[in-house]
Every structure is written in structure tokens, then in C-alpha cells.
Amino acid sequence: MPINKFITLESTYVPLPIENVDTDQIIPARFLKATTKDGFGDNLFADWRYNKDGSPKADFVLNKPEYTGSILVAGKNFGSGSSREHAAWAVDGYGFKVVVSSFFADIFRNNSLNNGVLPVIVSEAFLAELFAAGADNTIEVNLETQTITNKATGKSESFDINSYKKGCLLNGFDDIDYLMSVKDEIESYEQNRA
Amino acid sequence: MAGKTLFDKIWDMHEVKTIEDGPSVLYIDRHLVHEVTSPQAFAGLKARGIKVFRPQNTFATPDHNIPTINQHLPIADEVSRFQVDTLTKNCEDNNVTLFGLGHPKNGVVHVVGPENGITQPGMTIVCGDSHTSTHGAFGSIAFGIGTSEVEMVLSTQCIMQPRPKTMKINIDGKLEEGVSAKDLVLYVISKLTTGGGTGYFVEFSGSAIRNLSMEGRMTVCNMSIEMGARGGLIAPDEKTIEYVKGREYAPKGADWDAAVEKWKALVTDADAEFDKVYNFDAADIEPMITYGTNPGMGVGITQSIPTLDTVEEASQKTYLKSLDYMGYAPGEKMLGKPVDWIFVGSCTNGRIEDLRVFANAVKGKKKAEGVTAWIVPGSHQVEDQAIAEGLKDILEEAGFELRQPGCSACLAMNDDKVPAGKYSVATSNRNFEGRQGPGSRTLLAGPLTAAACAVTGVITDPRTL
Ligand code: SF4
């Protein structure tokens, strides 16, 4: 299935300066009963975002009108916990194309990449400056050159991504397409090991 | 040339190919499937017009959504029922073995795999579930995957994975009486933090690990994900082989002998190097309990909640937010704090040994007034054995109810939810905000500690029981 192609993006961002945001916060388990990938964005951070009666909690950042944009900036160790890809679907479904943090949990990072959402790892200092800037600040992310720029400070950092995954994102193809294309090799592996 | 770690040996045997500066194509021996993380993957297959590539290597069981009482009745929650029915339909369409609701082999997927001999040493095992790490207790590479990856394995029996780094966690010495595998692993996580293992695959070794039963080893490997590790494994030994022997899907006859021969080679070479090594002394470990909202926030049960000055400045805000959620303050003692709920179960501590420990500890005592307790076997086989051993009677005499198997209150996805604000001592694996129900407050512990708290109604050191 083709995923979103990604090259560059400049956008305002939503700051979430909390560490260890786990997958149960990103999308609580009771929302995992769906059998499709649609609609998870509405429940992104549901327990922080809504009151019991479903009304928005005014003090949560997603409910503050001044914070907008398609980049989420989160505290260290984002996405720890479960393997639920629903977390990536929720982040994607809400409209985030990039998540910036100083550290990501492994499975979440894989899941994001598999859904065309780019996880960008930056230094603690870079992250702190993003949190310190105003709501109108923007970030520029360039996947081709693997750089991220804080427009308020003008500072840039380069980020890591393996070249295979980078190619997938730039071209909008995914791992299943690749694996299907090497099925012969998989079958000969099976025969040789038997 | 330096020797190889056990992890590297198994990984290398399963590498179909590698992509330069990219992931490996890793062949998967066993794919376990449950109802929550698979429907979108099966739908993806359908959209491509293909069927499951190797159905004989795929085993499915519903566990997250199912009720733990009245399992003979249709699931009341319509959306849950639809998800479970979707699994049934997908398995039928693709010839996948399904241990459906009510089937004698139904249960939590990570309990079902080992007890049926589906899990074996030297294998690669995946499931759309982070606690797949449990199966590493048999000396296999087992890890959780996302739904895109479930689709990869269903369609090609392979997955694209970057090779993780290797870590050794060595625990020597003897665990004190009353200290369990769960305490051991909660202790390790409290030292490494929830991100300490990220990027690594862990091998647990040392005499304290060797001395654990297979159940105990599963508890340890199960929780390896809670330090962020990709998974954890333990080299197989006589105990492992003895456990697998005779189970339904285990090799038989000459195949068995050949398999055992191969399994004996599954050790880390003496001169192999790990990217990181930690050493711990089992004697330093006391019964553990968590006080916060991630599994790394644990202390010895006689200890106090860490004071603010022991927390890095940048993390203090998150730390206070977490304690605030729990209704605790820095510096408070854990002993004597009130407990409303007890949950014994899950893929971490829902096996027969755990039920035995709990039942023996509450035998002849009474459940404390005001405490609600759910004792949930990890599978039907565990349930049957608990009944046959008389554990059910012991529990009932002490005022506890043995429920039917499932994930239950480990995650708030079925009917078993802990109400907002209540304190729940749970033998499961995650104490995240709302994990057991919106607003619920979870304190992770081992089954013996859960028993001590259940009969006193407050946080109690099981060694004083
Ligand atoms: S028991 Fe809990 S951790 Fe284990 S598979 Fe079920 S929900 Fe996941």
C-alpha cells in the first residue's frame, strides 16, 4: 500500500514537554477495538484531551487554539509501552507528519516509519529550545538532507535515518512491497534450511 | 574472531538477506496472532488479493477483548464481539489454527504458546504484542511487532528488522525467601529505567536466572520490554528441555532427539562480546512495588518514594505529574498505604506457579474487607490445573474468586476495569495512567506481595505475613 511521500516540511508545531509518553496515553486501550485504521486521530491522547463527558480539557495543548501545525514535539522517550500501531495511526490520523523528540521507543519508531510519519531525534538542548519558543515558531524538516531547523534560533541539526527507510519515505513505498518482491529468495531460504 | 552471542547465532540462522545500511529480512518460525492487532493486517492481505503464506506457522487466540466470566455466552460488548468474530473469520479464510473463545487451549497468547509447545528454543517468534518477549525464556528471539509488520509476516513469513545491539544482564547469587522473579525484574527495570534497554536485545544470565523455574524465566523475559528492550532471552538448559518435552506441538520421536541436540548448542560463546553488560547481585533484591506511572518507578517494599532532589531537574515535572496522578508525594513510605483492588493474572504472572504462590499465601486467611480481587488464570489449561490441584477451593475459602482466562484487568479493553482513583496491586506489567481503567492507579508487584496486600488491605511486606 503506498504511504504518504515525504520530502520537506515547514510548519508550526504542538509542544508536549512530557517525558515517557506511553502508548496507553497516545491511544488508550479501549479505543483499540476497531477493525480498520480510520478515526484514531479523534482519540489521540484521549484521556489528557477530553473530560469524562467528552468535552475538551481547556488546559491540554491540543485544545489550545494557538498551537497548530503538523509537527508534534514531545519529551524524551516518546511512545514507550505497547506495540500497538494504533498509536502511529492516531498520530497520523490527527494530521502529524513528523514527531520530534530526544528519544523514541523502538517499536513506536518502526510503526511510525511504516505509516509515513517521520520520527526525528534531536539533542536535549535542541528540544529544550523548541519548547522555549513561542507558539508561532516553525520547524523545517528536510528528509533529503536529513536536517531539522528551529526557525526561531536559526539552529539546525542533522538526524539519523537508515538509507533504506529514507528511500521508502521519499518514494512512498513500504516494506511489504519490498518483501513481496523477494519472495523467491524467501522460498529458497526455506528449502535450504530444511 | 570473537565468539558469538546466543542472540547473534539465532539471528544469523534466520537472516534471509540484508539490505545495505538497512534492515535484515528475517525469517519467522512462529507467528502468534490475537484479535486486536491483526484485523487491519488481514484486511491488507485481502486488498492485495493474497492469503496467509505459511498458515502452519501461524497460531491465533483471542484474549484481550474477552470477558472472564460467563464465557459460554456471546460477548456482550458489540464492538469487542465483532473484533473477536473477525479473527475467527480471518483464520477460517486463511486456514490458520485458532484457539477460539471456549476452546480448551484458549488463553492469553503468551501463556498459550509455551504451554502447547508452540514456543521452542532457537526459534524466531513474533506477535503483534509487545510482551511477545515472554517466549525468549526458551532461548528464542521473540519480540512484539506492529500491525504493518503482522501483515508482512502473514504475507511473506518475514519481517524487515534492523539488527539490535546486544546487552547482557547478569544476576548472580540467591534470591531471598519471599523474593520472586517478578521482584527481580522490577528491580532491574528500576535500575535501568524504562528507556534503558532501548535499541538492545537482552540476554539474562547468572545463577539467579538459572535457578528460576521456566515460569519465573517467562516473567523476567516478559518484562524486558518494560525497560525498552526489543526483547530478552535466556539460554535453554535441562529445565527448558524438560518443560517443552511432550507438549502437543513439540517435536516427537527422532525429531525430538535431533531438536534437543541442536538446542544444546544454543549458548553464548565464552569469548563473545556484548555491546553493554550489567551485573546485579540477587541478594540486594527485596520484594518490589511500583509507586508511579511507568514500570521503572519501583522501589523495595520497605523503602520510600524517592525525594525530588534524587530526580534529574529536567525530569522533575514529569515525576511530579506522575506522583500527582497516583495521589502520592515524594518521600512517603509505601508500607501501610491503602489498597482497594487486587489483580492476579496476565502474561506476566498468570501461570500455574503464580496461582499456587498466591493460593498458598492466602490459605486459611481471609480477604480483607473492602478489597476487590480478581484472580484470573492465563489460560484454560492453567484454570483446569488450578481446579485439579484444589487451588480454586483454597481461594474460595479465603474469599477469592477464580475467574475465567483472558487478559482481564491487565488492560482496560474488556469488562474488567478498575474504577477511577482506586489503588490496584496488580501482578501484570504496566502501571501507565489509565492502564487498568480511566483514572485507575496501578501498583505492580509479584503474586506473593499481592497476596499479602489482599489479606491486609494495605501495602504489606510478604515476608512478614
Ligand atoms: S495479559 Fe496484558 S500484557 Fe499480556 S497480552 Fe494481555 S493485555 Fe498484553
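The structure is a predicted model, in which local features need pLDDT of at least 70, side-chain atom pairs count only at pLDDT 80 or more, and totals for chains, interfaces and linings use all residues. Residues are numbered from 1 along each chain as its sequence is written, chains are lettered from A and ligands numbered from 1 in the order in which they are written, and side-chain values use heavy atoms, with hydrogens and water left out. The ligand sits in the largest cavity and lies between domain 1 and domain 3 of chain B, because both give residues to the shell around the ligand.

**Domains of chain B**

- Chain B is divided into domain 1 (6-162 + 237-263), domain 2 (165-220 + 272-284) and domain 3 (290-464); such bounds come from an automatic or database domain assignment.
- Between the C-alpha centres of domain 1 of chain B and domain 2 of chain B the distance is 25 Å.
- Their contact (heavy atoms within 4.5 Å) takes 14 residues from domain 1 of chain B and 11 residues from domain 2 of chain B.

**Ligand site**

- Around the ligand stand H64(B), V108(B), H110(B), D129(B), H131(B), S346(B), C347(B), C407(B), C410(B), L411(B), N429(B) and R435(B); a residue is near a molecule if one of its heavy atoms lies within 4 Å of it.
- By class, this shell has 5 nonpolar, 5 polar and 2 charged residues; Ala, Val, Leu, Ile, Met, Phe, Trp, Tyr, Cys and Pro count as nonpolar, Asp, Glu, Lys and Arg as charged, and the others, Gly among them, as polar.
- A molecule sits in a cavity or pocket if more than half of its atoms lie within 2 Å of its grid points.

**Cavities**

- On a 1 Å grid over the protein atoms alone, a cavity is a set of points where a 1.4 Å probe fits but cannot get out, a pocket is an open set with protein on both sides within 12 Å along at least five of seven lines, and lining residues have an atom within 4 Å of a point.
- There are 7 cavities of 30 Å³ or more; grid points are joined across faces, edges and corners, and a volume is the space filled by probe spheres set on the points.
- The largest cavity, with a volume of about 240 Å³, has 24 lining residues, and H64(B), D129(B), H131(B), L411(B) and R435(B) lie nearest its centre.
- Two or more residues of that lining come from each of α4 (109-115) and α12 (346-349) of chain B; helices (H or I, at least four residues) and strands (E, at least two) are DSSP runs, numbered from the N terminus.
- The lining of the largest cavity divides into 8 nonpolar, 11 polar and 5 charged residues.
- The second largest cavity has a volume of about 100 Å³, and of its 14 lining residues G81(A), A105(A), D106(A), I225(B) and G228(B) are the closest to its centre.

**Largest pocket**

- The volume of the largest pocket is about 920 Å³, and N20(A), T193(B), N294(B), G296(B) and M297(B) are the closest to its centre of the 41 residues that line it.
- Domain 2 and domain 3 of chain B each give at least three residues to its lining.
- The lining of the largest pocket has 14 nonpolar, 18 polar and 9 charged residues.

**Backbone angles**

- Most residues other than glycine have a negative phi.
- S346(B), in helix α12 of chain B, has a positive phi of about 85°.
- D21(B), in the loop between β1 (15-18) and β2 (24-27) of chain B, has a positive phi near 45°.
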